[in-house]
Amino acid sequence: MTDFLVRGAAELWTGRRDAMRVRGPVDLRVRAGRIAAIGTLAAEPGERVLDAAGCIVYPAWVNTHHHLFQSLLKGIPEAIDLPLVPWLGAVTVPYRAGFRDEDAFRVAVRVGLVELALSGCGTVADHQYHVYPGMDYDPSAVCFEEAERLGLRFVLCRGGQTLPSADAPPEAVPETLEQFLAGVEHDAARFHDPSPHAMRRVVSAITTPHTSCTSGELREIARHARGLGLRLHSHLSETDDYLRWAREHHGCSPIEFAERHEWLGPDVWYAHMVHLDDDELRRCADTGTGIAHCPQSNARLGSGIARIPEALAAGVPVGLAVDGAASNEACDMLSEAHACWLTHRADPRSGRFAGQPGGHAGAMTVEDVVHVGTAGGARVLGLDGVGTLAVGQGADFAVYDLREPRHFGLHDPAVAPVASGGRTPLKALVVAGRVVVEDDAVPGLDLAGLREDAARWVRALRR
């Protein structure tokens, strides 16, 4: 259904920091994929009604950085306790060989998208760097097909590299610069929609600016993307190693290096950005350069805690992201939101907000988390038509059913999806006016079959 009435929600959150909560009972009308009205509404003759009594409505989450092919690489024993650099050598390089088969790649993408949808995520930006010369299938088309099948908005951050990785299998051989640019351009011609309510977007996304290509190529990639009207995305400043490498090889910080090569601006966002000093935060704010915040992956790999409360205070665009399943074994936006809420309160630097030593319990509120994970993410991606619940915006929202024991006894039930932890069941997930999750299930999905497919490919990958 694309035209209907959501009736009687206990509370609705808009995603806007200046006016987050609409107290219930509150109704929401959907027409032609957009929000037509919010308030106390009478059902129209023949209008379909979704009963949201006792439920909480949030904007659908916007995931600003993922690696969907890693959905079959969760919890690899040899790497689960490794930091980033050895983890890369143990997982993302050698296991690329396991995805020479299109079915393995497709199953991984489907697993990741289903997991995200069941957490209330409506928009997924995937940094898809599993590309190599001579591939016998089209990974970009697979991603868009699987997203369309589920009804999710999808942003393909077309990754890759032109410099080789050590001991890489044939499936991780780099492209030439010409092949990379041609691949981006081909995907943009087929899939890119620049409209603010787009269901499909394409982004130029070299894997890492200062290690995946040469300095001259980096500037050429930026100019090529902007010439096509595309945004830019990559990883940056994730660990101390990023800082050391940039200082040793380029004589500057990663942010300075990016700026020298035209990789800062309101059309650019980076994953992680854990290690930024005061000057770099100000530079991101001044240029409008965004951050895809990955608190669980940053913690899982021991990379550190990003300075997100300070970035928000400075005006840096910030979105929430789960990163790849190989460094985040539960890739859903609710667990990411819960981690975001807790992590910054425990950060020993956060007390500076209250003029006190140690952590600060008010450094990141539930409202902050919802804003970052919805409106903030839409801003980072340049999708102005989604991320907030208001008349005229895309009808992308999650209706959470507070039926689990973890939700019993809450004095403020509306904070439950973020504060209570675990996965809050979905009454419905709506994307562009289409119900894509209903009664906590994906209509038409053979979940048992998907579980079997994933297990089969995990066995193959282990061999």
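**Exercise 1.** Is arginine 29 buried or exposed in this predicted model?

*Solution.* Start by finding the residue: arginine 29 sits in strand E2, which covers residues 21-31. Next, look up its relative accessible area, which is 8%. Now bring in the cut-off: buried means under 20%. Arginine 29 has 8%, so it counts as buried.

**Exercise 2.** Work out which residues surround arginine 29, and what its side chain reaches.

*Solution.* First, set aside the neighbours within four places in sequence; arginine 29 then has contacts that include Phe4, Leu5, Ile35, Leu41 and Glu47. Alanine 42 is also one of the contacts. Zoom in on that one: the side chain of arginine 29 gets to the backbone oxygen of alanine 42 at 2.8 Å.

**Exercise 3.** Describe the largest pocket: how much space does it hold, and what lines it?

*Solution.* Begin with the idea behind the search: rolling a probe the size of a water molecule over the atoms shows where empty space is left. Here, the largest pocket holds about 870 Å³ of space. Its lining is made up of 33 residues, and those closest to the centre are Leu88, Thr207, Thr208, Thr211 and Tyr242. Then ask which elements give two or more residues to this lining: they're helix H1 (84-92) and helix H6 (240-250). H1 gives the largest share, six residues. Last, sort the lining by class: you get 13 nonpolar, 15 polar and five charged residues.

Methods: Residues numbered from 1 in each chain as written. Predicted model: local features only at pLDDT ≥ 70, side-chain atom pairs only at ≥ 80, totals over all residues. Heavy atoms only, no water. 1 Å grid on protein atoms, 1.4 Å probe; cavity = no way out; pocket = protein on both sides within 12 Å on 5 of 7 lines; lining within 4 Å. Points joined across faces, edges and corners; volume = space filled by probe spheres on them. Helix = DSSP H or I, 4+ residues; strand = E, 2+ residues; numbered from the N terminus. Nonpolar A, V, L, I, M, F, W, Y, C, P; charged D, E, K, R; others polar. Buried < 20%, exposed > 50% of the residue type's maximum accessible area, 1.4 Å probe, protein only. Contact = heavy atoms within 4.5 Å. Polar contact = N/O pair within 3.5 Å; in protein donor to acceptor, adjacent residues only side chain to side chain.
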